[in-house]
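Today I am looking up side-chain contacts and strand pairing, one entry at a time.

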Amino acid sequence: MALDQGRQANDLGANQQPSGLLLEQSVFDNLIYTGNYCEENVYQLCKEIAAKEPDRLERCYVLFVSNAYKHVPLWKQKKCEGDLPVLWDYHVMLIYEHTTDKAFIYDQDTVLPFPCPLKAYILEAFRPFVPLLPSFRRLYRLVPAQAYLDHFASDRSHMLDDDGNFMMPPPPYDPIRTKDCIMNLHDYIEMSKDAGKPEYYGEVLSEEAFLQRYQLKI
């Protein structure tokens with residue numbers, strides 16, 4: 001199905017209460033959220049899904065958006081000024097594939113609904129119809145949610161300044177680690193060829209391939 005650039009987000013369902021919610025609204029309202037730690041916010045969301053709706057976890061994917069230059073534009077973010085995009089070095093959200101032709105995106109940093117129908121989010125936040133210079137073109141890493149829970153680790157060192165102080169307050173819980181790793185966030189953000197990387201890092205898609213996966217075209 002095609003995305004019509006002239007249609008408003010509410011025509012695509014962005015302002016409607018989505019069906020097939022993963023969790024009760026009260027759970028969403030009480031999710032752990034820490035600004036500027038999107039990778040951990042999504043990890044906590046995956047934990048809630050695994051605990052409360054484990055049968056649906058296999059239809060959930062963690063989505064990393066970045067590129068080699070660490071400059072990717074997203075619109076409709078809480079940090080945006082007016083209708084200008086914010087430039088993230090990377091951003092992380094969750095996709096729930098509710099059915100074969102209906103998916104939702106969970107982004108706690110957007111001003112769009114949470115969750116938001118994927119088509120509406122792509123149109124409003126990614127705006128793939130906007131021409132971009134090569135250094136701003138987005139790449140997408142899709143990671144199965146269970147694999148993310150099993151293997152993601154961050155010691156938060158990427159948020160320390162040269163004096164070892166946090167540039168932004170960290171989450172109130174201990175850093176996420178596995179028995180084998182304390183930091184692999186950069187391996188998820190790195191969007192170059194994944195030759196030699198374990199399968200649990202998922203796959204990297206161009207924007208065209210990402211849209212094709214969800215049967216969307218501009």
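Predicted model: local features only at pLDDT ≥ 70, side-chain atom pairs only at ≥ 80, totals over all residues.

**Entry 1: charges over rings.** Over the ring of which residue does the charged end of Lys-197 sit? I find it over Tyr-201, 5.4 Å from the ring centre. My rule for a charge over a ring is NZ of Lys or CZ of Arg within 6 Å of the ring centre and within 35 degrees of the ring normal. I also note Lys-78, which lies over the face of Tyr-33 at 5.4 Å from the ring centre.

Residues are numbered from 1 along each chain as its sequence is written, and side-chain values use heavy atoms, with hydrogens and water left out.

**Entry 2: aromatic pairs.** I pair rings of Phe, Tyr and Trp (its six-membered ring) if their centres lie within 6.5 Å; planes under 30 degrees apart are stacked, over 60 edge-to-face, and the rest tilted. That rule gives me 17 aromatic pairs. I looked up Tyr-148 and Tyr-188: their ring centres are 5.5 Å apart and their planes stand at 80 degrees, so I log the pair as edge-to-face. Tyr-148 is in helix H4 (residues 145-151) and Tyr-188 in helix H5 (residues 185-189), so to speak distant parts of the chain, 40 residues apart. Helices (H or I, at least four residues) and strands (E, at least two) are DSSP runs, numbered from the N terminus. Tyr-148 and Tyr-188 are both buried; buried means under 20% relative accessible area, exposed over 50%, and partly exposed in between, with a 1.4 Å probe and protein chains only.

Phe-210 and Tyr-214 also pair edge-to-face, at 5.5 Å centre to centre and 70 degrees between the planes. Phe-210 is buried at 0% relative accessible area, and Tyr-214 counts as buried at 13%. Ring pairs also link a cluster, whose members include Tyr-43, Phe-64, Tyr-148 and Tyr-201.

**Entry 3: salt bridges.** I count a salt bridge when a side-chain nitrogen of Lys or Arg is within 4 Å of a carboxyl oxygen of Asp or Glu. Searching the whole structure, I get eight.

- Glu-48 and Lys-52 meet at 2.6 Å, N to O. They are four residues apart in helix H2 (residues 38-52), about one helical turn. Glu-48 is partly exposed at 26%, and Lys-52 is partly exposed at 47%.
- Arg-213 bridges to Glu-97, with the closest N and O atoms 3.1 Å apart. This links helix H6 (residues 207-213) to strand S4 (residues 91-99), across 116 residues.
- Arg-138 bridges to Glu-207, with the closest N and O atoms 2.9 Å apart. Arg-138 lies in the loop between helix H3 (118-126) and strand S7 (139-144) and Glu-207 in H6, so the pair ties together parts 69 residues apart in sequence. Both Arg-138 and Glu-207 are buried.

Shared partners join Glu-97, Glu-203 and Arg-213 into one network.

**Entry 4: strand S5.** Is S5 enclosed or open? Four of the five residues of S5 (residues 102-106) are buried, so I write it down as largely enclosed by the rest of the structure. Two strands pair if DSSP finds at least two bridges between them. S4 and S5 run antiparallel, joined by five bridges, and a hairpin of two residues connects them. Tyr-96 stands opposite Phe-104 in S5. On to strand S6 (residues 116-117): two bridges join S5 to S6, again antiparallel, and Ile-105 has Cys-116 as its bridge partner in S6.
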